[in-house]
Amino acid sequence: MPFIAKHILEKCKHCNACLDLVACPGAEENICIGCGACTLLCPNEALILIESKRKDKINIEVDGKKISVPEKISIKEALTGIGYVITDLPKEPEEPSESEIFAPCGVGACSSCSVEVDGVMKPACVTMIRKGMKVITTPPSNYMPKRIVCGFVGHPSGGVGTPWTLRKDPKKAIEIVCYTAGCNFQCPQCQNWHVAFRGRGDFLTPSEAARKMFLTNKKYPDVSRLTVSGGESTLNRVWLITFLQKLRKLYKNKNIRLHVDTNGSLLTKNYIDELVNAGMTDMGIDLKALSTDTFMFITGLKDKEMAEKYKKIAWNAVKYLLKHYKDKVFTGIGIPYNKDLISIEEVEAMGKKLFKIDPCLQVAVNDYQPAFRRKIQKTTSDDMKEVYRVLKETGLETVVCQSPDGFICP
Ligand code: FES
């Protein structure tokens, strides 16, 4: 069914995020194709999708079959209309995925949904269909995806998977960080929404991004940790694995740590194995919640079954990493905290569960401050001291709580 974005003037605060941070696929021709990218990003929810009254159809070719589809829609929409399934979980590389398109970000940032369009790879989620277009949904075997990546800066505190003992001087970088745009969650209080819902950055191949990290590192010669964060770093598996491999190659034998920060929702056992084989040495997994209701509330996911799957995969990933790679990979766990998002009792229950997995795990609690759409109260240092106390009482050895007055550490 064709959709179109509707602008709700009373809600618009003229922040121009939709103009600055969304690559609207129909902007040049003043056509809305109903891809919904602007509706995901608008911090004021002033853009919504409504049904379009367009009736005209055009002919295109998909995987060798001629079909008729409504005009001025995205390729993703056209594929859905003819029976292709848009999934929230990717297939394992060895599984066939005919008629399935993994489209986790919906804003054209991750290239997971890319299809071949008249010989060129383009994201199905934000590419408009055109009369006579030839679409092939299976990428060529030599296809190397690009992702929107930004950042490439020295960072003084690192992320969830950074050992807290490294944070000594708030003015001194301890990691070089890049951020991959696009996310499979739609957290209404997203702390990094400029990146998660596309934002600015360059479309880079893994080689280009690795090279950029390498060059940035030259400005910080004392830094030997490289981090990829997001958005969600794991959305495009081929991109991420190749990126790590390219970094390893560039640094040759140099003792460098490669840190991946993730929400963990796509981390199957095979994916973890591949990351470790590609050279990952540190991993931060942001678990979000223990109960599915809280998980859905925090992540903005509406499909309960999907939310349960994502949550289960992330918790299982923690167990798998510690069981199989404890000596090879430093694992840090992230928990979000704000009274309006999660109860202190649930944080305590998460602490107890993590203690059972491994009492020596580093658990980092991030103080979520008001950001993006959801109106939440400010987290105070006293709130975070309480979180620290509760988690320490579970027996966890290493708890680190971010607070407005700095980190609360062991
Ligand atoms: S889902 Fe289309 S680019 Fe990410």
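Which strands does helix 6 lie across, and at about what angle does helix 6 run to strand 13? Helix 6 lies across strand 10 (147-155), strand 13 (225-230) and strand 14 (257-262), and its direction is about 165° to that of strand 13. Helices here are DSSP runs of H or I with at least four residues, strands are E runs of at least two, and both are numbered from the N terminus. Axes are lines fitted to C-alpha atoms, for helices over the stretch in contact, and angles run from 0 to 180 degrees between N-to-C directions.

A quick word on the model. It is a predicted one, where local features need pLDDT of at least 70, side-chain atom pairs count only at pLDDT 80 or more, and totals for chains, interfaces and linings use all residues. Residues are numbered from 1 along each chain as its sequence is written.

**Domains**

The chain is assigned domain 1 (3-51), domain 2 (57-136) and domain 3 (147-401); such bounds come from an automatic or database domain assignment. Taken over C-alpha atoms, the centres of domain 1 and domain 3 are 29 Å apart. Eight residues of domain 1 are in contact with nine of domain 3, contact being C-beta atoms, placed from the backbone, within 7 Å. On the domain 1 side, that makes seven nonpolar, no polar and one charged residues. For these classes, Ala, Val, Leu, Ile, Met, Phe, Trp, Tyr, Cys and Pro count as nonpolar, Asp, Glu, Lys and Arg as charged, and the others, Gly among them, as polar.

| Pair | Axis distance | Angle |
|---|---|---|
| Helix 5 (206-219) and helix 6 (237-251) | within 8 Å | roughly 45° |
| Helix 7 (269-278) and helix 9 (304-325) | 10 Å | about 45° |

Helix 5 and helix 6 cross at roughly 45°, which means that helix 5 is oblique to helix 6. In these terms, angles under 35 degrees are roughly parallel, over 145 roughly antiparallel, 65 to 115 roughly perpendicular, and the rest oblique.

Helix 7 and helix 9 pack at about 45°, so helix 7 is oblique to helix 9. Helix 7 passes helix 9 in a right-handed crossing. Lys 269, Ile 272 and Val 276 of helix 7 meet Ala 317, Tyr 320, Leu 321 and Tyr 325 of helix 9, a set with six nonpolar, no polar and one charged residues.

**Two sheets**

Strands of a sheet pair through backbone hydrogen bonds, either parallel or antiparallel. Two strands count as paired if DSSP finds at least two bridges between them.

Strand 3 (57-62) pairs with strand 4 in the antiparallel sense over six bridges, with Ile 58 opposite Val 69.

Another open sheet has nine strands in the order 12-10-11-13-14-15-16-17-18, again mixed. Strand 12 (202-204) and strand 18 (398-401) are its edges, and its twist averages 25° from one strand to the next. Strand 17 (362-367) and strand 18 pair in the parallel sense over four bridges, and Val 365 stands opposite Cys 401.

Terms used
Two residues are in contact if their C-beta atoms, placed from the backbone, lie within 7 Å. A crossing is left-handed if the near helix is turned anticlockwise from the far one by less than a right angle, and right-handed if clockwise.
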